Amino acid sequence: MSTRIAFLKGHGTENDFVIIPDPENVIDLPPAAVAALCDRRAGIGGDGLLHVVRSAAHPEARAMAAEAEWFMDYRNGDGSVAEMCGNGVRVFAHYLQRAGHVAEGDITVATRGGVKTVHIAKEGDITVGMGKALLPEGDVTVSVGDRSWPARNVNMGNPHAVAFVEDLDHAGDLYTAPPFSPASAYPDGVNVEFVVDRGLRHVALRVHERGSGETRSCGTGACAVAVAAARRDGADPAVTGTPATYTVDVPGGRLVITERPDGEIEMTGPAVIVAEGEIDAGWLETATP
Ligand SMILES: N[C@@H](CCC[C@H](N)C(=O)O)C(=O)O
């Protein structure tokens, strides 16, 4: 009889993930296996995969084990590795609590982007301390068809290019990554956010994610957008001395982002587990040549 691998499926504002609990890091998940699991027709389907591992059991997280028991080994849907996933870390924390690994309240999660503090409320949304944004200098232009926009570089552990546009439809079908110039701007690829205003400190976005394509939400992207919008609006908390809170509507729901004068950013949003089951390890082997 073939071995079975436990999995769950979850999402945060419809940015969806295959969750593979593997506390001792014994499941082999090469990029092809991740891509097969995330395939929406031949696999389970997801924008990405959350490999749930004890920090002490993973070479990339061992140094963080004293600060955070659990490591979010995040992979994009194409199997590539990313530093951080804002929606993923809420879903990851929700899974840990549901599985009885952690209690409600404040917990820490190790990520490739460092240790994050996550507040799991008794009911309702989850809040993540996302750390500080970096704003690398340099002009970047993002294009779709014959339209182009200047984009702001914002690094939330992972790279983002934020472009304010007149209409979200101008982003087109986003089947492929929007080209940017200079072409050398993002040697490791980039997540691109297209943003429109909805009201005071209220914006909406569409996003093309590195390694996943267009998704219904991006947590780090929403933070990058709030940071870029605050600079554009003259509301940079480091300058005004007061926190800036932005409501960011995404195609799959709503996230609320607050940046404090010390630069620390908090993101609040939902996390949902929708299913759990078992994968036939034999299928996974045949699906990954
Ligand atoms: N959807 C995520 C970001 C996932 C990583 C991204 N695609 C990258 O490669 O940097 C989020 O919610 O932040």
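Reader: In E15, which residue is the bridge partner of Ala204?

Author: The model is a predicted one. Strand E13 covers residues 202-209, and three bridges join E13 in the parallel sense to strand E15, residues 244-250. Within this pairing, the partner of Ala204 in E15 is Asp249.

Reader: Which residue in the turn between E13 and E14 has a positive phi?

Author: E13 and strand E14, residues 213-215, are paired antiparallel through three bridges. In this pairing Glu209 lies opposite Gly213 of E14. The hairpin leaves three residues between the strands, and the one with a positive phi, of about 80 degrees, is Gly211.

Reader: Why is E13 described as largely enclosed by the rest of the structure?

Author: A residue counts as buried when 20 or more other C-beta atoms lie within 10 Å of its own. Strand E13 is largely enclosed because the number of its eight residues that are buried is six.

Reader: How many of the residues of H3 are buried?

Author: Helix H3 spans residues 219-232 and reaches 20 Å from its first C-alpha to its last, close to the 20 Å expected at 1.5 Å a residue. Its buried residues include Gly219, Thr220, Cys223 and Val227. H3 is largely enclosed by the rest of the structure, since its buried residues number 12 of the 14.

Reader: Which elements give two or more residues to the shell around the ligand?

Author: There are 19 residues around the ligand, and Ala82, Asn87, Asn158, Gly219 and Thr220 come nearest. The elements that give two or more residues to this shell are helix H2 (86-98) and H3.

Reader: How many residues in the shell around the ligand are polar?

Author: Domain 1 (4-125 + 271-287) and domain 2 (140-269) each supply at least three residues to the shell. By class, three of the shell residues are nonpolar and two are charged, while the polar ones number 14.

Reader: Against which helix do the buried residues of H1 pack?

Author: Helix H1, residues 31-38, is mostly covered, with six of its eight residues buried. These are Ala33, Val34, Ala35, Ala36, Leu37 and Cys38. They pack against strands E2 (15-21), E3 (48-54) and E4 (70-76), and also against a helix, H5 (281-287).

Definitions and conventions
Residues numbered from 1 in each chain as written. Predicted model: local features only at pLDDT ≥ 70, side-chain atom pairs only at ≥ 80, totals over all residues. Helix = DSSP H or I, 4+ residues; strand = E, 2+ residues; numbered from the N terminus. Expected span 1.5 Å × (residues − 1). Near = placed C-beta within 6 Å. Nonpolar A, V, L, I, M, F, W, Y, C, P; charged D, E, K, R; others polar. Domains from an automatic or database assignment. Contact = placed C-beta atoms within 7 Å. Pairing = 2+ DSSP bridges.
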